[in-house]
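Hello,

Here is the structure I promised to hand over. Please have a look, and read on below for what turned up.

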Amino acid sequence: MACSILLGGPLFGTKTLRKGLALGSGLHLFVIALKLIGADGGGLLLPGTGLWEYYPAAMSKPFASLCSVAMHSVACFAAFTPSSEK
């Protein structure tokens with residue numbers, strides 16, 4: 001679905017779907033940034049151990065977490081890039 005949206009496929013309202021994809025990916029990255037900062041009990045910047053207590057799976061597999069952040073970053077960037085529609 002995401003590839004079809006980004007490529008300007010035959011879906012109805014592709015422009016609206018692109019905006020939704022950009023908004024969703026951007027908000028997801030914002031929430032991840034807040035979690036890493038430690039807004040919910042401590043993290044990398046704020047004091048506390050909330051990041052390791054509330055998200056042990058993300059902290060035990062940092063490569064998978066970084067892949068998720070990278071995928072959402074690419075989706076957000078691609079959604080904001082103008083399409084080649086005529």
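How exposed is C67, in relative accessible area? C67 is partly exposed, at 36%, while C76 is buried, at 12%. Here buried means under 20% relative accessible area, exposed over 50% and partly exposed in between, with a 1.4 Å probe and protein chains only.

Before the rest, a word on the source. This is a predicted model, in which local features need pLDDT of at least 70 and side-chain atom pairs count only at pLDDT 80 or more, while totals for chains, interfaces and linings use all residues. Residues are numbered from 1 along each chain as its sequence is written, and side-chain values use heavy atoms, leaving out hydrogens and water.

Counting pairs of cysteine sulfur atoms within 2.5 Å as disulfides, the total is zero.

Finally, the whole structure holds one aromatic pair (Phe, Tyr or Trp rings, the six-membered one for Trp, with centres within 6.5 Å). Y54 and Y55 form this pair, 6.5 Å centre to centre, and with 75° between the planes it is edge-to-face (over 60 degrees; under 30 is stacked, the rest tilted). Y54 is exposed at 51% relative accessibility, and Y55 is partly exposed at 23%.

Best wishes
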